[in-house]
Amino acid sequence: MIHQILFFIFAAICVAGALNLLLQKHPINSALSLIVVMGSLALLYLLLGAQFVAAIQIIVYAGAIMVLFVFVIMLLNAGVEEDTHGSRIAVYFGVPAVAGLVGMVLYVLLQSSHIDYQVQLGAFAKPTKDVAMLLFRDFLLPFEVTSVLVLIAIMGAVVLARREP
Amino acid sequence: MVPVTYYLVLSAILFTIGVAAFIFKRNIITIFMSIELMLNAVNLSFVAFANMYQNLNGQIFVFFVMVVAAAEAAVGLAIIISVFRTRETLNVDRVNLLKL
């Protein structure tokens, strides 16, 4: 019962935040509503028994990535977005595209109604130690490859954002 | 007890809103944020399936998705800064040449 209440509260906050991201005109409002979405997603991860993922969702996504976004918005002094001719074309073609996507997703989910698995609170409580064993033993090579990826991303960001001499 | 389908439906809703924001928004930073919203929606699916199959591999994939998202955010925001420095705008309709 408590699981259902928490799920519906935070699912509603998620969807409301995502819709607010879509409807707001100023990018700083969109960024703050995206932080709300990420925070409530972290609680949904806790309900699904993924404590480690919930923690790094808060630390990496809401902490690091969104701070970077807010910082860039303030650095570039981004204002209210203007309504250009291209955005009206995007609405004419985008509404049917989104409607088609919604229909497709709903069709697939209705077809897969044989999945009747019930998520139970606390039934899947693997400790973070198991995640670490998997990450540093079975997925060691992908983990090391991500360090190279992050290094390349750092160098790319420095080169791209550097002021031309 | 919540059916796992509810989590998948929530993930689908978030992904669709992300696609809609990607199409409708004109500000390049907001478009970038809608990509992050889509990545988050997929992460929710991964964690839900990890719970369903009682397997931690889904959570490891979420970890890798987050690493890639962080790298992508750093490079993408550097590109945005570079574009803004030369074109003096954040509207994607005014950035219509295949060069800076």
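Which residues line the second largest pocket? Hi everyone, let me start there and then walk around the rest of the structure. Please keep in mind that this is a predicted model.

From chain A, the lining of that second largest pocket takes Leu22(A), Leu23(A), Lys25(A), Glu81(A), Glu82(A), Asp83(A), Ser87(A), Arg88(A) and Val91(A), and from chain B it takes Phe24(B), Lys25(B) and Arg26(B). Helix H1 (2–23) and H4, both of chain A, are the elements that contribute two or more residues to this lining. H4(A) has the largest share, with three residues.

Now to the largest pocket, which holds about 250 Å³ of space. It is lined by 14 residues, and those closest to its centre are Val105(A), Leu109(A), Leu8(B), Ala12(B) and Ser45(B). What is the make-up of this lining by class? There are ten nonpolar and four polar residues, and no charged ones. Three helices each supply at least two residues to the lining of the largest pocket: H4 (85–111) of chain A, plus H1 (4–24) and H2 (28–52) of chain B. Of the contributors, H1(B) gives the most, with five residues.

How many cavities of 30 Å³ or more turn up in a search of the whole structure? The search finds one, and the volume of the largest cavity is about 30 Å³. Lining the largest cavity are Gly49(A), Ala50(A), Gln51(A), Phe52(A), Lys126(A), Pro127(A), Thr128(A) and Val131(A), along with Leu56(B) and Gln59(B) from the other chain. Helix H3 (51–76) and helix H5 (128–138) of chain A are the elements giving two or more residues here. By class, the cavity lining has five nonpolar, four polar and one charged residues.

Chain A is assigned domain 1 (1–79) and domain 2 (127–165), and each of them provides at least three residues of the cavity lining. Taken over C-alpha atoms, the centres of these two domains of chain A are 23 Å apart.

Last stop, the surface. Met1(A), Ile5(A), Ile9(A), Ile13(A) and Val36(A) make a nonpolar patch of about 450 Å². H1(A) supplies the largest share of the patch, three residues, and Ile5(A) is found in that helix.

Notes:
Residues numbered from 1 in each chain as written. Chains lettered and ligands numbered in written order. Predicted model: local features only at pLDDT ≥ 70, side-chain atom pairs only at ≥ 80, totals over all residues. Heavy atoms only, no water. 1 Å grid on protein atoms, 1.4 Å probe; cavity = no way out; pocket = protein on both sides within 12 Å on 5 of 7 lines; lining within 4 Å. Points joined across faces, edges and corners; volume = space filled by probe spheres on them. Helix = DSSP H or I, 4+ residues; strand = E, 2+ residues; numbered from the N terminus. Nonpolar A, V, L, I, M, F, W, Y, C, P; charged D, E, K, R; others polar. Domains from an automatic or database assignment. Patch = residues over 30% accessible without salt bridge, like charges linked within 9 Å, V, L, I, M, F, W, Y side chains within 5 Å. Areas by Shrake-Rupley, 256 points an atom, 1.4 Å probe, with all protein chains shown as cover. Salt bridge = Lys/Arg side-chain N within 4 Å of Asp/Glu carboxyl O.
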